[in-house]
Every structure is written in structure tokens, then in C-alpha cells.
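Please read them with the sequence and the model side by side.

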Amino acid sequence: MRLSSGSETSTMKKTTIVCIIAPVLFFSLISDAFAVKSRKDYFFKPQLGGWFGPVTPLAETGKLAETTLSGGIFARINLPKENFILRYFKLGVDVSYQRYQSKGVNEIHFVPFYGSIIGLLPIDIPVRLQLKWGAGAGYFYIRPDRIEQWDPVIHAGLEISFPAGRIVNIGLRVDYLYAYEGYIREDADSGHFLNIGITVYFNL
């Protein structure tokens with residue numbers, strides 16, 4: 001993404017505050033989680049959910065755009081439980097809306113939409129650790145230049161969750177998104193984004 005350059009403003013204070021919101025909220029929520037002696041098999045149920053937290057542009061993208069708050073929704077289904085290996089994996093689809101103010105005069109609107117494979121780490125602790133990876137597409141709209149395009153998106157991430165009741169789980173997710181623009185022109189700047197969010201899961 002090529003944005004118009006301009007004078008950079010000091011955003012260190014804002015970025016620091018935003019980036020600690022998710023971890024502080026998460027660790028305050030799991031203060032009692034390690035006292036739980038048994039875990040329910042909520043991973044083995046279909047789920048709907050949503051997340052909210054700071055989204056941060058990285059690398060070259062971070063030189064052009066600022067950290068902000070965003071959120072998204074997701075849905076997940078289980079693979080056959082009868083298979084000893086497949087039962088520890090799920091298929092999911094995610095979509096979110098991210099709006100970045102640039103350090104120049106432009107503004108980025110980013111809507112990533114991608115599918116994922118989610119794998120449960122079989123570790124016997126009170127919380128669930130899940131790794132995920134996948135791919136999809138991302139819609140970009142840049143104002144005021146009115147540039148819009150779709151780019152391939154690659155995704156990888158980690159989730160930590162614990163039960164907050166029969167139907168609801170709460171967790172923390174960390175996602176890395178890579179938007180590839182090289183197929184448009186060789187000198188294009190691809191996008192790098194880090195999403196961190198408090199997550200709420202609803203077990204179906």
C-alpha cells in the first residue's frame with residue numbers, strides 16, 4: 001500500500017495505552033482460571049464469537065499507519081470426533097473491519113476475510129491453547145484517493161481460552177495478517193498487521 005507521506009505525529013502514548021488494553025483485561029479475567037480442576041470439552045463444539053482489541057500495522061506498513069482499535073466475528077465447526085487426530089482440529093472463517101489513520105493524509109479501510117484450520121494443543125492445563133493458520137482475501141479502500149482493491153491474505157495466530165460458563169468461553173487471541181500486493185506490481189508494498197483481542201466464544 002502506497003500512502004501519501006506527511007509529517008509524523010507523536011503517537012507513542014496512544015499506542016502504549018492501546019496495546020496494553022487486551023493483555024490487562026485478559027489476565028484480570030483469568031485470575032481464577034488456574035483454580036479450576038476440570039475443563040469442559042467446549043473445544044469439541046461448534047462456536048460463534050467475536051473479538052475486540054488493538055490492531056497494529058507492522059514493518060513498512062507501520063511507518064505509514066497508526067495503531068487503532070478494531071474487532072471482528074468468526075464461526076467454527078468441528079471435524080469428525082471419531083477420528084483420534086481430526087477431533088483436535090476445527091475449521092473456521094473470520095471477518096473483521098479495521099480502519100487505520102495514516103501518518104500522512106490518507107486513511108486505510110481494511111476488511112480481511114479468511115478461512116482457518118484451528119488446532120488444539122493437547123496440554124493438560126486449565127486453559128486451552130489453540131494454534132491457527134489459513135488464507136483468504138482482504139479488501140482495501142484508501143481515502144481520499146479512492147483506491148480500492150482485493151489482495152490475497154495469509155494468516156497465522158494463537159488463542160488462549162477458558163470456560164466462563166456452559167455456553168460462553170473467554171480468551172485472548174493474537175493474529176498476524178500478511179496482505180500480498182506483489183501480484184499487482186513487483187515494487188508494491190505488502191501489508192503486515194498484528195491483531196490482539198479479547199475474545200468471547202458461544203458454544204452451540
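1. I begin with N203, which, leaving aside its neighbours within four places in sequence, is in contact (heavy atoms within 4.5 Å) with Y42, K45, P46, Q47, R166, I167, V168 and N169. N203 lies in strand β8, where strands (E, at least two residues) and helices (H or I, at least four) are DSSP runs numbered from the N terminus. The residue is buried, with a relative accessible area of 8%, buried meaning under 20%, exposed over 50% and partly exposed in between, with a 1.4 Å probe and protein chains only. The side chains of N203 and N169 are joined by a polar contact of 3.0 Å, that is, a pair of N or O atoms within 3.5 Å of which, within protein, one must be able to donate a hydrogen and the other to accept it, while residues adjacent in sequence count only if both atoms are side-chain atoms.

2. A word on the basis of these notes: this is a predicted model, in which local features need pLDDT of at least 70 and side-chain atom pairs count only at pLDDT 80 or more, whereas totals for chains, interfaces and linings use all residues. Residues are numbered from 1 along each chain as its sequence is written, and side-chain values use heavy atoms, with hydrogens and water left out.

3. The protein has 2 helices and 8 strands, and from the N terminus on its elements follow the order α-β-α-β-β-β-β-β-β-β. The strands make a closed barrel of 8, running β1-β2-β3-β4-β5-β6-β7-β8 with antiparallel pairing, where two strands pair if DSSP finds at least two bridges between them. On average, neighbouring strands of this sheet are turned by 25 degrees against each other, direction ignored; the axes are lines fitted to C-alpha atoms, for helices over the stretch in contact, and angles run from 0 to 180 degrees between N-to-C directions.

4. Between β1 and strand β8 (residues 191-203), which run antiparallel, there are 9 bridges, and Q47 stands opposite N203 in β8.

5. Strand β6 (residues 147-163) is joined to β5 by 15 bridges, again antiparallel, with K132 standing opposite G157 in β6. These two strands form a hairpin with 3 residues between them, and R146 in the turn has a positive phi of about 60 degrees. A further 11 bridges join β6 to β7, which also run antiparallel, and P163 has N169 in β7 as its bridge partner. In the hairpin of β6 and β7, with 4 residues between the strands, G165 takes a positive phi near 155 degrees.

6. Which residues make up the largest nonpolar core? It has 12 residues, namely W51, V55, A65, Y100, I108, F110, Y114, F140, V153, L177, A179 and F193, such a core being a set of buried Ala, Val, Leu, Ile, Met, Phe, Trp, Tyr and Cys residues joined through side-chain atoms within 4.5 Å. At least two residues of this core come from each of β1 (47-57), β4 (107-120) and β7 (168-179), and β4 gives the largest share, 3 residues. Not counting residues up to four places away in sequence, A179 touches F140, D151, P152, V153, S190 and G191.

7. I142 is found in strand β5 (residues 128-143) and counts as buried, at 5% relative accessibility. Its C-alpha atom is separated by 8.7 Å from that of F110, 32 residues apart along the chain.
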